[in-house]
Amino acid sequence: MMAYETIMNLIKSKKYDIDNETLKFFSNYFFVAVKKGVIPTEVTLESLIDNALIFASKIEFYDENHRVYKKMGGDVKGFRDPESKTIFIRSNLEEPLREITVYHELHHAVQTNPENNEVGINQLSNIGRLIMEAQTQYFAEEIYEEIHGVKFEEREIPSENLRMASGGVVVSKLHNYEMYDNLLTKIGIILEVPKDYFVSINYLYKNNLGLKLLEEKYKIAKNKYQLPYEFNQFLLYYDYAYCVDLLAYKDNQDKQTILNGEITQKYEIHPNKGLELSLKSQQYYLSQIDGCCFLKLAENGGNYKNFSKYIIDNQKRSLAMQYIATFEEQKQAEIQNKM
Ligand SMILES: [Zn+2]
């Protein structure tokens, strides 16, 4: 495996005037990417470093008096400024989120397509946006865990604490974007891939290869488990959940509409797919997918038990638990009858 020192020197050779702190974050990022083997064979480490440097060559922390704070407000955690090629991180964020946000933004820079500035599998409109964003936060936290030698534990977070409708629980070990992570976990179970798979395909933005690979994988699972959703429809629900969350988060005219539980005007989620946004519909779509995928996995030999833990809606989750308990009882009875 490539030594940390080697990676650091490689980065320095490409940008001799890089400051020490930025160099440290870059080295941490690429060290873990190499160590975890998430870089697909279609791209090289060098090309990824080059790509990162196109969009970000400096990491800067800013406080309340900084022009960035005044412009972006106190909610934004970090962002990439393409003009100054700087990743800005709000300095009053608490650790570990502060450092994780550095990796989050750096990961975006590495996975940005220089031809159109779009990121990862999300090359058109919002298609694949939730998965792109979810794997970003997942991998950023993986880097932190790896570099600091810590392990984050999964938590059960009440849905209303996450700008969502009440009546659910989101299981995730992340410090941000927990709902996206919960959805990523579930599609990982359905596709039978580790989460690192989603990290890998997001490096393949060229010709939208990553999204195509994902679609192939999805089709295999759809057949195997008899899932009723077409790939585009499945992604549409995921990206709907993303768009509702985004509007409830960033400053915009509909932020309060969403947070008050009301319905917005139509937004184009995917090309020619305009939908009104609300927490209620978000809850409905997610609970439909959860319920349906759980049953299909259970009927067709999938990992429904693992899946059940991540069902968000409280009623649906407890139904799933009952189903599992009954099923186990039946199996026990069958075994006893045979003996
Ligand atoms: Zn992001």
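Me: Is Val 38 buried or exposed, and how many C-beta neighbours does it have inside 10 Å?

Reply: Val 38 counts as buried because it has 21 C-beta neighbours inside 10 Å. The general idea is that a residue is buried if 20 or more other C-beta atoms lie within 10 Å of its own, exposed if 12 or fewer, and partly exposed in between, with the C-beta atoms placed from the backbone. This is a predicted model, in which local features need pLDDT of at least 70 and side-chain atom pairs count only at pLDDT 80 or more, while totals for chains, interfaces and linings use all residues. Residues are numbered from 1 along each chain as its sequence is written.

Me: Where does Val 38 lie, and which residues does it touch beyond those up to four places away in sequence?

Reply: Helices (H or I, at least four residues) and strands (E, at least two) are DSSP runs, numbered from the N terminus, and Val 38 is found in the loop between helix 2 (20-35) and helix 3 (45-55). Two residues are in contact if their C-beta atoms, placed from the backbone, lie within 7 Å; apart from residues up to four places away in sequence, Val 38 touches Ala 33, Asp 196, Val 199 and Ser 200.

Me: How should I read strand 5, and with which strand does it pair?

Reply: In a regular strand the side chains alternate between the two faces of the sheet. Two strands pair if DSSP finds at least two bridges between them; strand 5 pairs with strand 4 (residues 155-158) in the antiparallel sense over four bridges, and the bridge partner of Ile 157 is Val 170.

Me: In what order do the three strands of the open sheet stand?

Reply: The order is 1-3-2, with mixed pairing. Strand 1 (58-62) and strand 2 (78-81) stand at the edges with a single partner strand each, so one side of each has no neighbour in the sheet. Strand 1 and strand 3 pair in the parallel sense over five bridges, and Ile 59 stands opposite Ile 87 in strand 3.

Me: Which residues have the most contacts inside the largest nonpolar core?

Reply: A nonpolar core is a set of buried Ala, Val, Leu, Ile, Met, Phe, Trp, Tyr and Cys residues joined through C-beta atoms within 7 Å. The largest one has 84 residues, and those with the most contacts inside it are Tyr 29, Leu 106, Leu 183, Tyr 238, Ala 241 and Val 244. Helix 10 (residues 231-249) gives the largest share of this core, 11 residues.
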